Amino acid sequence: MLAEPINENNAAEILVDAVYNENELVKKAQQGDSTGFRQLFDTNVNRIYAFCLRMSTNPQLAEEITQDVFVKAWENLHKFRGESKFTTWLHSIAVNEFLTQKRSEKRFMQRFVQTDDVLKYDRQGEKPEYHFNTNIDLENAISELPEQAKTVLILHDIEGYRHKEISELMNIEVGTSKAHLHRARKILREELSK
Amino acid sequence: MKCTEFEILIDDYIEGALSSSEKQEFELHMHDCESCRKNYTETAKLLETVNSLPKSAEPMHDLWENIEFRITSGSRKKIFTLKNANREDYSEYKENYKKNKYFKYGAITLIAAMILIALLPSLFFNKNTPLLDKVMTPYWKVTKLSGITIAAANIINDIDSLKVGDWLETKDSSRAMLNVPGLGTVTVEPNTKLRITKSENDEHRIDLVYGILCRFKVSYRN
């Protein structure tokens, strides 16, 4: 059977169907059905990986964190109430993974690195191993942004979240989210005009 | 309106979040001030490009296999709770979990016993072997990622281990991954030399002779 082409008349219906299907898959997965979860994984993995890749600028680390996100999602499925889209929920887990990672990195540096060597760990000059093939200069400039500003820019300008949603995802004030975005855009403008 | 105010309001203007009077004032300033007009044009152009960046990317490897292993192995946390599963499901899950647990621990004990038997001759008959050191002292696993990596004066093949006092060296085009017991992994970048100086339960230290260690991932799971 040929798939029905999407047009103005049936777009809303298709969207409702997609949401309904997602809810059904979530219900299945919540009952322990890993095949339902597999379908949710298939639908969302590329988007979550792209987010992790931009945040980490390291394909290997991005893959590891993407895996962690889905394992955490599986472990916490009973907490998902369907109040947001499943992708949004996955993004919130991914953001948390990175925030936790950053905190752990700090502890790691304090425990692990001898003070004389700290400067040698500076990531400046480190070339990101990107796998996005378009707008490489822009992707590189994004990767150099301060961590919080980068997170807000990716969530707002690329993923399309609003400041209210970002404030919930990152546990920050709406005003802080706006300030980070403003700073990120300003730095990008300056970098790209060089 | 001052230029500083204009700059602050650019984002809100683009998002359509300004009131009609603010919008009017903003547009009036943009009309009169060339510098701010340029600022706005550049921001709008930047946004257009950023918005067009891809939202998805395909991982290089199939991630599901590992995820499936992790969510179906005994290491996962419970997935059934009394809130979202009926009692029959929960009892069945609990029963299976117990069976898996006994099977898992039985298998682990058996494997440990086999390894111990295999190691006994070298432990007792040649106490100076590196193997004994590896068994008796904490060691760090080192994995070759690319090129020639020298660990403790030997070129490593794929995976080797380092203990306190050993050093690791990467060349122009070689990289390695170092696993710190209980902490996480560190990537040893090209042209780097380091020495393990301390490895105890709560403290691990290295002396970086030269080079770069980066892209570390710290384990934070319990």
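In what order do the elements of chain A run from the N terminus on? They run α-α-α-α-α-α-α-α.

This is a predicted model, in which local features need pLDDT of at least 70 and side-chain atom pairs count only at pLDDT 80 or more, while totals for chains, interfaces and linings use all residues. Residues are numbered from 1 along each chain as its sequence is written, chains are lettered from A and ligands numbered from 1 in the order in which they are written, and side-chain values use heavy atoms, with hydrogens and water left out.

1. Chain composition. Chain A has eight helices and zero strands, whereas chain B has six helices and 10 strands. Helices (H or I, at least four residues) and strands (E, at least two) are DSSP runs, numbered from the N terminus.

2. In chain A, 49% of the 194 residues are buried; in chain B, buried residues make up 35% of 222. Buried means under 20% relative accessible area, exposed over 50%, and partly exposed in between (1.4 Å probe, protein chains only). Of the contacts (heavy atoms within 4.5 Å) in chain A between residues at least 6 apart in sequence, 60% join residues at least 24 apart. For chain B, residues 24 or more positions apart account for 41% of the contacts with a separation of 6 or more.

3. Nonpolar cores. A nonpolar core is a set of buried Ala, Val, Leu, Ile, Met, Phe, Trp, Tyr and Cys residues joined through side-chain atoms within 4.5 Å. The largest one has 57 residues, and A:Phe37, A:Phe51, A:Phe86, A:Ile142 and A:Leu188 touch the most other members. Helix 2 (residues 34-56) of chain A gives the most to this core, with 11 residues. Another core, of 13 residues, lies apart from it and includes B:Val142, B:Leu178, B:Leu194 and B:Ile206.

4. A:Phe37 is found in helix 2 of chain A and is buried, with a relative accessible area of 0%. Leaving aside neighbours within four places in sequence, A:Phe37 is in contact with A:Ala29, A:Phe70, A:Ala73, A:Trp74, A:Leu77, A:Phe86, B:Trp64 and B:Ile71.

5. Aromatic pairs. A search of the whole structure finds 13 aromatic pairs over all chains. Rings of Phe, Tyr and Trp (its six-membered ring) pair if their centres lie within 6.5 Å; planes under 30 degrees apart count as stacked, over 60 as edge-to-face and the rest as tilted. A:Phe41 and B:Trp64 form a tilted pair, 5.1 Å centre to centre with 45° between the planes. This pair crosses between chains, from helix 2 of chain A to helix 4 (residues 64-72) of chain B. A:Phe41 is buried at 4% relative accessibility, and B:Trp64 is buried at 4%. The ring centres of B:Tyr13 and B:Tyr40 are 5.6 Å apart with the planes at 75°, so this pair is edge-to-face. Because B:Tyr13 lies in helix 1 (residues 3-15) and B:Tyr40 in helix 3 (residues 34-51) of chain B, the pair ties together parts that are 27 residues apart in sequence.

6. Aromatic cluster. A:Phe37, A:Phe41, A:Phe70, A:Trp74 and B:Trp64 form one aromatic cluster.

7. Helix packing in chain A. Helix 6 (residues 147-158) and helix 8 (residues 174-192) of chain A pack at an angle of about 95°, with their axes 8 Å apart. Axes are lines fitted to C-alpha atoms, for helices over the stretch in contact, and angles run from 0 to 180 degrees between N-to-C directions. The two helices are therefore roughly perpendicular to each other (65 to 115 degrees; under 35 counts as roughly parallel, over 145 as roughly antiparallel and the rest as oblique). Among the residues making the contact are A:Val152 and A:His156 of helix 6 and A:Leu181 and A:Leu188 of helix 8.

8. Helix 5 of chain A. The buried residues of helix 5 (residues 136-143) are A:Leu138, A:Glu139, A:Ala141, A:Ile142 and A:Ser143. They pack against helix 2, helix 6 and helix 8 of chain A together with helix 3 of chain B.

9. Positive phi. Most residues other than glycine have a negative phi. A:Thr57 has a phi near 55° and is placed in the loop between helix 2 and helix 3 (59-75) of chain A. B:Asn191 has a positive phi of about 55° and lies in the loop between strand 7 (184-188) and strand 8 (193-200) of chain B. A:Thr57 counts as buried at 11% relative accessibility, whereas B:Asn191 is partly exposed at 37%.
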